[in-house]
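Q: Could we go through this model together, beginning with the overall picture and then turning to particular sites?

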Amino acid sequence: MIQSETLELLEWSRLCQHLSTFAATKLGAIAARNIAIPDSQIESEYLLAQTKEVYELENRLDNGISFEGIQDFGDSLERAELKGILAGDELLAIATTLAGIRNLRRLIDNHPDLEILNELVADLRTYPELEQEIHRCIDERGQVTDRASEKLGNIRNSLRQSRSQITRKLQNIIQVKANALQETIITQRSDRFVIPVKAPQKDAIPGIVHDTSTSGATLYVEPNSIVPMGNQLRQLLRREQVEEEAIRRNLSEQVAEVKLDLEKLLAVATTLDLATAKARYSFWLKANPPRFIKPTEENITLRELRHPLLVWQQQHEQGHEVIPVNLVIHPYIRVVTITGPNTGGKTVTLKTLGFATLMAKIGLFVPAREPVELPWFDQVLADIGDEQSLEQSLSTFSGHIRRISRILDAVSTIDDREGQGDKEIEDEEDEITSPTPLPSSLVLLDEVGAGTDPVEGSALAIALLRYLADNSMLTIATTHFGELKALKYQDERFENASVEFDEATLSPTYRLLWGIPGRSNALAIASRLGLKPEVVEKAKNEMGGATDEVNQVIAGLEAQRRRQEEKAAQAQDLLQQAERFYKEVSAKAADLEEREKSLRASQEIAVQQAIASAKGEIAAVIKRLQQGNPTARDAKKATDSINKLADRFIPKAEPKPKADFMPKIGERIRIPKLGQTAEVLTAPDEDGEFNVRFGIMKMTVKLDDVESLNGEKAQAPVKAKPTVKAAPAPPPPVENTPLIRTSKNTVDLRGRRVADAELILHKAISEAQRAIWIIHGHGTGKLRQGVHAYLKQHPGISNYEAAPQNDGGTGVTIAYIKQ
């Protein structure tokens, strides 16, 4: 009973109603409105894993998960099992649902990493043959089709012929008796074809009157000549109805045979739709998945927690902005007392925590900033609001006490049950019973001990909270009793919190302050609202100076907390700014690196093109040299040509700047290696070293490592060197001689495979001086292609060409060694 009371006090049904609006099917919406609270943590974690996988699947798909075609046909299954005949639209709903669930299963099968969803749809049977049979017999309007059976097709052909005969006969009567008719039309009354006849001329067209107009001026007459045809038509209609029923009966029997599988399909579709509704609602709330913690080891962490109903009210009903609360509760805390003024947000804090706990239990994400960490509470028990009842002669205090009694009974029942379990273990194992685990109940008490004498109410509240500290995992209680604030200093399991109050505006800020008890603001409010100062002063005297000093201490703590929060906010802003700058610098560095790569690539292409051009011209010089019998003069001309090519393609070294700069004390210089400018502190010594300073750093540098701000290099000091004997002059360079083919620089690869030829070439190139002649012959050309490919990538080969015609032609390749 107390569990259902708690759900009603928290307005849990409103959240379920909001959740149902995110369902795609009627089944899902019904399940969301009647969602059950799991009884075990394992079940909650399974539901949470379902929501996570559906959330992930929704993010992967462009249009989300589709439940198109899935309908609720549970009642139809029950009637089919009882030998009832299903209507055409009911059968059509079964067929479209089978197709819709099959599409869902295919969608999930395409994502094998979603293990829970794949396990959910693994054993589903969607009966495509039943779906096809229904579509063959039932059209999109839910009517039985002509192709459903041959007999039905023949009956409908006869119906069309009979209607055609009746229509032709009536058209003839209309042409002959047009003056007796009110209108020249053919209509129907009670499945009989009739024509509108003027009442005064009813004898002109003898027949059966089936209806009259409201005024009585028109009679709807079936002429005697078509009465037999009408009777035949009615018989055909009856036969059609019987045959349609037979077809629908056959389909209904097929449905009844697979009732259990179809019920499983509906259950899985409902589960998937409910999980999708949870994922979509969580996304709308900007919520995050919770993690269930061990309450005795980890903190309860719920930062920027928002009330889901207030978020809905803000978005859909233009409500006020939702102020989040921060809850970080240590494992040893069992009771938190929240104090502060009325309408300050104390009750909302209780309800928000209750909602967060229940949302996590049913597999919903929690509207709080990550990480979301809280225990799995087996019960959420609440006493919130006023249970005053005139009918039952209950006062406010009596209503609270009765509800609190039910809460204590629920807590004690769990405690007794766990203790009994331990006793059974003791009896079975004949050992000392292990300590009873702490019951995992969350108790929410609003205005505990209120509604009676303050002294007795305060004493009752203290006793109640101490009892709950021993028998529940966590209790959150709001109160106005100052005595409850002192419990924190008597028992480490107690903690204080308060809702902030702005004395300047005489209104609460709805912010929750931890570790600071709430202080009385009644006298401050009374003074600002214009109550006589002498009255306020007398009230202060009645309270005593100690109370005023306590309030001053609390005010100081609040001010200190605000200063700390402001500094924390500033530090957070600086951190975000630093992260933003880091991203910008990283992006610029990546851009510069990309541009440098592009520039290097273009430079390499230009160099390769220059090398290729130079190689071509050198090859032409060598070719001219090899034609005929070369002389020394020809070799000299070839050498001059190559030197000219070198002057054209090899860039000349830039002249070094004149080294006439000498740093002086006090001047600023540049250190290129460090990319810094520095101030000269000492003059260079005989080794060219001196001291400089940049920023707050001092260091010793050499003259070779610095330059002036204009780019002038420093002049190194001149040292006296000992006289050494001059080395003999090298011999004059030998003039380039023409290449001559010999047996040592000739390689014969004919008959070899490419792989073997590469090994031989590698050895020959390493031993060659200027060039080698490679004999590969013509053949299929594969050996020549392999040789050329190897020469092209070999780092020791500058270029290669075919030998002159008189030296083997294209059957011989001359490769030139890099010098």
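Predicted model: local features only at pLDDT ≥ 70, side-chain atom pairs only at ≥ 80, totals over all residues.

Q: How many helices and strands does the protein have?
A: The secondary structure comprises 21 helices and 22 strands. Both are DSSP runs numbered from the N terminus, helices being H or I with at least four residues and strands E with at least two.

Q: What percentage of the residues is buried?
A: Of the 819 residues, 39% are buried. Buried means under 20% relative accessible area, exposed means over 50%, and partly exposed lies in between, with a 1.4 Å probe and protein chains only.

Q: And what share of the contacts joins residues at least 24 apart?
A: The figure is 66%, taken among contacts between residues at least 6 apart in sequence. A contact means heavy atoms within 4.5 Å.

Q: Which residues have the most contacts inside the largest nonpolar core?
A: Trp12 and Ile476 do, in a core of 60 residues. Helix H13 (residues 346-361) gives the largest share of this core, seven residues. A nonpolar core is a set of buried Ala, Val, Leu, Ile, Met, Phe, Trp, Tyr and Cys residues joined through side-chain atoms within 4.5 Å.

Q: What does Ile476 touch?
A: Leaving aside residues up to four places away in sequence, Ile476 touches Ile329, Val336, Ile338, Leu350, Leu353, Val443, Leu444 and Leu445. There is also a second, separate core of 44 residues, which includes Val54, Ile65, Leu117 and Cys137.

Q: Turning to Trp376, where is it found?
A: Trp376 is in the loop between strand E9 (369-374) and strand E10 (379-383).

Q: Buried or exposed? I mean Trp376.
A: Trp376 counts as buried because its relative accessibility is 10%. Among the residues it touches are Pro38, Asp39, Phe292 and Lys361, not counting residues up to four places away in sequence.

Q: Which side chain makes a polar contact with the side chain of Trp376?
A: That of Ser44, at 2.8 Å. A polar contact is a pair of N or O atoms within 3.5 Å; within protein, one must be able to donate a hydrogen and the other to accept it, and residues adjacent in sequence count only if both atoms are side-chain atoms. Trp376 also touches Ser440; the two residues are 64 apart along the chain, with C-alpha atoms separated by 7.4 Å.

Q: What about Gln379?
A: Gln379 is in strand E10 and, at 11% relative accessibility, counts as buried. Its side chain makes a polar contact with the side chain of Gln3 at 3.4 Å.

Q: Where is there a cis peptide bond?
A: Glu370 and Pro371 are joined by one, with omega about -5 degrees. Pro371 is placed in strand E9. As background, most peptide bonds are trans, and most residues other than glycine have a negative phi.

Q: On phi, what is the value for Glu11, and for Ser190?
A: Phi of Glu11 is near 60 degrees, and that of Ser190 is about 55 degrees. Glu11 is in the loop between helix H1 (2-9) and H2 and is partly exposed at 31% relative accessibility. Ser190 is in the loop between strand E1 (187-189) and strand E2 (192-198) and is exposed, with a relative accessible area of 58%.

Q: Last topic: how do H20 and H21 cross?
A: The axes of helix H20 (residues 754-767) and helix H21 (residues 782-793) come within 10 Å and cross at roughly 45 degrees. Axes are lines fitted to C-alpha atoms, for helices over the stretch in contact, and angles run from 0 to 180 degrees between N-to-C directions. H20 and H21 are therefore oblique to each other. Angles under 35 degrees count as roughly parallel, over 145 as roughly antiparallel, 65 to 115 as roughly perpendicular and the rest as oblique.

Q: Which residues in H20 and H21 meet?
A: Val754, Ala757, Glu758, Leu761, His762 and Ile765 in H20 meet Lys782, Leu783, Gly786, Val787, Tyr790 and Leu791 in H21.

Q: And H6 with H10?
A: Helix H6 (residues 88-109) and helix H10 (residues 227-257) pack at about 40 degrees, with axes 11 Å apart. That angle makes H6 oblique to H10. Gly88, Leu91 and Ile94 in H6 meet Arg248, Leu251, Ser252 and Val255 in H10.

Notes: Residues numbered from 1 in each chain as written. Heavy atoms only, no water.
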